[in-house]
Amino acid sequence: MSQQIVIDSLSFAREGKALQGELPVSELERLHDALAEKTGVVVFRLTGRMSRQGKPQLVLEVVGEVPVVCQRCLGRLDAPLSIVSVLELIADEADLTQDELEDDTRDFLVAQKEMDVAALVEDEIILALPTSPRHEDCALPDSSARGTKVSPFAALAALKKAT
């Protein structure tokens, strides 16, 4: 990566700091296997805050488009990104209760002194990508080259007519 952006996540949240920028898709290496091309840019905004309960949180917003592979026609499909994630910072995963672990309305993140913002953005993009992206309307690869389907019983019909 060209430039690594690192924050102390707890102090960032407690001080209510904000950070925004752009990341080239070509630099998001863990994302490359899911992409048709390594082109484009995603825009992010990271904001720190304290929740009503006094818990430190990071709010991550990511917008952009990433070129993925359509699983039906294997062509390029531009997947729009509009991510808003509220991540509650915790000291350790062991501190979570069973109820908190099962609560799908909240996302938790272990606080770090040196949190890589680009890696956090990349993680959220990976989680937001569709598992099986497809165009609204497309054909299977080479479906036009196949022509008409020949019945396996056509040869039998020809034999029957000959007799």
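# Reading a predicted fold, one feature at a time

Author: Let's begin with S9, which sits in helix α1. Helices (H or I, at least four residues) and strands (E, at least two) are DSSP runs, numbered from the N terminus. Before going on, two housekeeping notes: this is a predicted model, where local features need pLDDT of at least 70 and side-chain atom pairs count only at pLDDT 80 or more, while totals for chains, interfaces and linings use all residues. Residues are numbered from 1 along each chain as its sequence is written, and side-chain values use heavy atoms, with hydrogens and water left out.

Reader: OK, back to that serine. Is S9 buried or exposed?

Author: Accessibility is what you read here: buried means under 20% relative accessible area, exposed over 50%, and partly exposed in between (1.4 Å probe, protein chains only). S9 has a relative accessible area of 0%, so it is buried.

Reader: And which residues is S9 in contact with, leaving aside its neighbours within four places in sequence?

Author: A contact means heavy atoms within 4.5 Å. With those neighbours set aside, S9 contacts L58, L89, A111, Q112 and M115.

Reader: Zooming out, how many helices and strands does the protein have?

Author: There are 4 helices and 7 strands. Walk along the sequence and you get β-α-β-β-β-β-α-β-β-α-α.

Reader: What do I make of the radius of gyration?

Author: It is taken over C-alpha atoms, and the globule rule is 2.2 Å times the number of residues to the power 0.38. A compact globule of 163 residues would come out near 15 Å, but this protein has 24 Å. Of the 163 residues, 30% count as buried.

Reader: Now the strands. How many bridges join β4 to β5?

Author: Two strands pair if DSSP finds at least two bridges between them. β4 and β5 run antiparallel and are joined by 13 bridges; one example is E65, whose bridge partner in β5 is P80. β3 and β4 also pair in the antiparallel sense, over 9 bridges, and there V42 has G64 of β4 as its bridge partner.

Reader: Which residue takes a positive phi in the hairpin of β3 and β4?

Author: That's G54, with a phi near 85°, in a hairpin with 5 residues between the strands. The hairpin of β4 and β5 has 6 residues between the strands, and there L74 takes a positive phi near 65°.

Reader: Which residues have the most contacts inside the largest nonpolar core?

Author: A nonpolar core is a set of buried Ala, Val, Leu, Ile, Met, Phe, Trp, Tyr and Cys residues joined through side-chain atoms within 4.5 Å. The largest one here has 32 residues, and V42, L58, V66 and I125 have the most contacts inside it. At least two core residues come from each of α1 (9-14), β3 (41-50), β4 (56-69), β5 (76-90) and α3 (117-128). β5 gives the most, with 6 residues.

Reader: How about L46: which strand is it found in?

Author: L46 belongs to β3, and it is buried because its relative accessible area is 0%. Beyond its neighbours within four places in sequence, L46 has contacts that include I7, F12, L58, L60 and L120.

Reader: And E88, is that buried or exposed?

Author: E88 is in β5, and at 8% relative accessible area it is buried. Not counting residues up to four places away in sequence, E88 touches K55, P56, Q57, R106, D107, F108 and L109.
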